[in-house]
Amino acid sequence: MPVEVTWWGHATCTVEDSGVRVLTDPLFARRLAHLRRRRGALPPPGAWRADVALVSHLHADHLHVPSLERLAPGTRLLVPRGARRAVPALRRLVRLHVTEVAPGDVVRVHDLNVRAVPARHDGRRLPVGPHRSPALGYVLEGEARTYFAGDTGLFDTMAKEVGPVDVALLPVGGWGPNLGDGHLDAGRAAEALARLAPRSAVPVHYGTYWPIGMDAVRPHEFHTPGDEFVRRAAQRAPGVTVHRLGHGESARPEVSR
């Protein structure tokens with residue numbers, strides 16, 4: 001079966017490869033603190049089904065405990081090393097098989113290898129929190145090699161650390177009018193694409209959540225990153241096929257093997 005990628009919104013995707021269903025950064029909330037979901041229906045219950053769920057870092061829009069509680073008993077959950085110390089609520093997820101990982105670790109899930117890779121992003125749960133965990137990306141190695149970047153900025157060793165990949169799921173925006181250090185916007189994501197040189201890419205992490213009461217503040221930062229990434233990618237990495245998905249839409253990217 002070809003590899004299939006479904007984008008549910010924000011950084012939440014389902015990747016199906018080698019008969020394994022992988023869920024990234026599950027976030028199934030209509031509202032999260034000062035953020036509300038402005039576009040795309042909430043993912044249906046079928047989106048909660050996974051063999052393994054991946055958490056890239058500890059920020060609440062990526063590690064959302066109420067969403068993780070919806071996963072079926074026995075689901076494997078990979079989180080950054082130190083996550084259970086930094087986020088005590090994770091300890092109540094006793095029905096899940098939780099494994100802490102760091103860059104370089106490889107976890108086998110049936111016929112799929114999940115390899116943790118570095119990301120350039122603040123991995124703390126809170127800006128002043130005493131506990132640190134690494135921010136991660138993940139490479140899924142099965143019928144294809146699929147890179148889920150999580151949240152990251154560009155870094156010099158990105159291509160070396162990630163390695164050759166067929167598909168790249170790259171963040172191209174955020175949930176507010178400004179992106180701080182350690183993030184990719186559409187232009188920087190296109191540069192990452194040029195460095196990684198996959199066959200296909202899917203833009204994520206944009207056009208879903210926005211601060212309450214700020215709908216009119218820099219609305220282009222909410223609406224345009226996906227299209228802007230398509231435009232920039234055509235300039236910087238013209239050999240890469242970009243699948244700009246709507247919420248809940250799927251693609252079967254071309255792979256090399």
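Predicted model: local features only at pLDDT ≥ 70, side-chain atom pairs only at ≥ 80, totals over all residues.
Buried means under 20% relative accessible area, exposed over 50%, partly exposed in between (1.4 Å probe, protein chains only).

Residues are numbered from 1 along each chain as its sequence is written, and side-chain values use heavy atoms, with hydrogens and water left out.

**Stop 1: Leu-170.** Not counting residues up to four places away in sequence, Leu-170 touches, among others, Tyr-147, Ala-189, Leu-193, Val-204 and Phe-229. Contact means heavy atoms within 4.5 Å.

**Stop 2: helix 4.** Helices (H or I, at least four residues) and strands (E, at least two) are DSSP runs, numbered from the N terminus. Select Ala-186, Ala-189, Ala-190, Ala-192, Leu-193 and Leu-196, the buried residues of helix 4. They lie on the same side of helix 4, because they cover an arc of only 155 degrees around the axis. That arc is taken over the directions from the helix axis to the C-beta atoms. Their packing partners include strand 13 (167–171), strand 14 (200–204) and helix 6 (225–236).

Now go to the ends. Asp-185 caps the N-terminal end, with a side-chain oxygen 3.2 Å from the backbone nitrogen of Gly-187. Ala-197 follows helix 4 and has a positive phi, near 55 degrees.

Stop 3: Seven strands run in the order 8-7-6-3-2-1-17, with mixed pairing. Two strands pair if DSSP finds at least two bridges between them. Strand 8 (97–101) and strand 17 (250–251) are the edges, each pairing on one side only. Strand 6 (residues 52–54) and strand 7 (residues 76–80) are parallel, over three bridges. Pick Leu-54: its bridge partner in strand 7 is Leu-78.

**Stop 4: Asp-25.** Look in the loop between strand 3 (20–24) and strand 4 (31–32). Is Asp-25 buried or exposed? Asp-25 is buried, with a relative accessible area of 0%. Its side chain makes a polar contact with the side chain of Ser-56 (2.7 Å). A polar contact is a pair of N or O atoms within 3.5 Å; within protein, one must be able to donate a hydrogen and the other to accept it, and residues adjacent in sequence count only if both atoms are side-chain atoms.
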